[in-house]
Amino acid sequence: MSKPIQSVERAMRMLEFLAQAEGAAALGAIANAAGVQSSTAHNILATLIALGYVRRPATGSDYRLGGRILNLARIAGDDDALRRHFRPLMEETARRFEESTYLIVPSGDELYYLDGIELPNNPTAHSRLGRREPLSGSAIGLLIAAFMPGVAQALANLERRASLTEDLEQARQRGFAFEEGKYQSGLNCVAIPLRLHGETVGGLCLNGAAKRLPQRKLVSIAGVMAEIALKIPVADLIIRRRI
């Protein structure tokens with residue numbers, strides 16, 4: 001058996017310790033768990049942060065598991081649990097607005113339509129359920145990237161445009177994103193992030209005919225979607241302000 005690469009082994013110990021510590025721990029504790037000096041632990045953690053496997057909130061000193069490793073855990077985990085968890089939210093949103101709704105999660109550099117309620121009035125030519133689509137070029141992709149650093153890095157690698165940072169920050173501040181006819185002519189959509197245990201795991205997207213969903217209505221719907229979520233105890237939703 002080949003000798004393990006020391007830096008990789010240490011990084012794995014840190015990630016395992018964070019998972020065992022309920023997802024958050026201080027630098028000193030992480031360094032002790034990995035058997036290294038704090039300065040060495042800091043450097044390794046900085047790399048893991050850059051890659052999206054670890055994050056450090058603006059407030060507080062603890063390090064936490066990042067969106068990218070949580071995405072890996074989701075892929076290896078039970079997608080049915082996510083479907084069950086967010087199904088009431090999708091059903092109520094579809095019923096309230098009489099438009100199609102989807103539960104969308106990141107999967108590498110793609111988006112996966114994990115579940116959805118597709119109504120007969122939806123103008124799309126085919127079902128999206130179970131489909132994988134590019135992360136780049138959609139409101140839901142931008143929104144998920146705004147709240148998941150690992151996804152943001154994947155999106156940056158795909159798009160490589162100067163305005164991406166500004167667009168991500170705008171989505172982060174609003175707490176929602178929308179698009180008009182970008183995915184398909186005559187089809188508009190709005191999306192909000194979905195969170196579990198403080199971590200973004202995907203997004204809820206509502207779409208329909210552009211004539212029924214002008215920009216003003218999309219913005220209004222985003223706020224109502226968040227209000228629905230607060231009444232159905234399935235998720236933490238972020239809607240900070242409206243345009």
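Q: To begin with a definition, two strands pair if DSSP finds at least two bridges between them. In what sense do strands S4 and S5 pair?

A: Strand S4 (residues 100–107) and strand S5 pair in the antiparallel sense, and seven bridges link them. Helices (H or I, at least four residues) and strands (E, at least two) are DSSP runs, numbered from the N terminus. This is a predicted model, in which local features need pLDDT of at least 70 and side-chain atom pairs count only at pLDDT 80 or more, while totals for chains, interfaces and linings use all residues. Residues are numbered from 1 along each chain as its sequence is written, and side-chain values use heavy atoms, with hydrogens and water left out.

Q: How many helices and strands are there in the chain?

A: The chain has nine helices and nine strands.

Q: Back to the pairing: which residue in S5 stands opposite Ile104?

A: In S5, Tyr113 stands opposite Ile104. Leu103 stands opposite Asp115, which is also in S5.

Q: And what joins S4 to S9?

A: Strand S9 (residues 199–209) runs antiparallel to S4, and five bridges join the two. Ile104 stands opposite Gly203 in S9, and the bridge partner of Leu103 in S9 is Leu204.

Q: What about S5 and S6, over how many bridges do they pair?

A: S5 pairs with strand S6 (residues 132–134) over three bridges, in the antiparallel sense. The partner of Tyr112 in S6 is Arg132.

Q: In what order do the strands form the open sheet?

A: Six strands make up this open sheet, in the order S6-S5-S4-S9-S8-S7, with antiparallel pairing. S6 and strand S7 (177–180) stand at the edges with a single partner strand each, so one side of each has no neighbour in the sheet. On average, neighbouring strands of the sheet are turned by 30° against each other, direction ignored. Such angles rest on axes, which are lines fitted to C-alpha atoms (for helices over the stretch in contact), and run from 0 to 180 degrees between N-to-C directions.

Q: Which strands of the sheet does H5 touch?

A: H5 packs on the sheet and touches S4, S5, strand S8 (187–196) and S9. The direction of H5 makes about 60° with that of S5. Contact here means heavy atoms within 4.5 Å.

Q: Is S4 covered on both faces or on one?

A: Both faces of S4 are covered. Ser100, Tyr102, Ile104 and Pro106 are buried on one side, as are Thr101, Leu103, Val105 and Ser107 on the other. Buried means under 20% relative accessible area, exposed over 50% and partly exposed in between (1.4 Å probe, protein chains only).

Q: How many residues of S5 are buried?

A: Strand S5 (residues 110–117) has seven of its eight residues buried. For the whole chain of 243 residues, 47% count as buried.

Q: New topic: at what angle do H5 and H9 pack?

A: Helix H5 (residues 79–97) and helix H9 (residues 215–231) pack at about 135°, and their axes are 10 Å apart. H5 and H9 are therefore oblique to each other. Angles under 35 degrees count as roughly parallel, over 145 as roughly antiparallel, 65 to 115 as roughly perpendicular and the rest as oblique.

Q: Which residues in H5 and H9 meet?

A: On the H5 side they are Leu89, Glu92, Thr93, Arg96 and Phe97, and on the H9 side Ile221, Val224, Met225, Ile228 and Ala229. By class, this contact of H5 with H9 has seven nonpolar, one polar and two charged residues. Ala, Val, Leu, Ile, Met, Phe, Trp, Tyr, Cys and Pro count as nonpolar, Asp, Glu, Lys and Arg as charged, and the others, Gly among them, as polar.

Q: And H2 with H3, at what angle do they cross?

A: Helix H2 (residues 27–34) and helix H3 (residues 38–51) cross at roughly 100°, with axes that come within 9 Å. That makes H2 roughly perpendicular to H3. Leu27, Gly28, Ile30 and Ala31 in H2 meet Ser38, Ala41, His42 and Leu45 in H3. The residues of this contact divide into five nonpolar, three polar and no charged.

Q: Lastly, where is Gly52 found?

A: Gly52 lies in the loop between H3 and strand S2 (54–55). Gly52 counts as buried because its relative accessibility is 0%. Gly52 and Ile69 are 17 residues apart in sequence and 7.4 Å apart in space, C-alpha to C-alpha.
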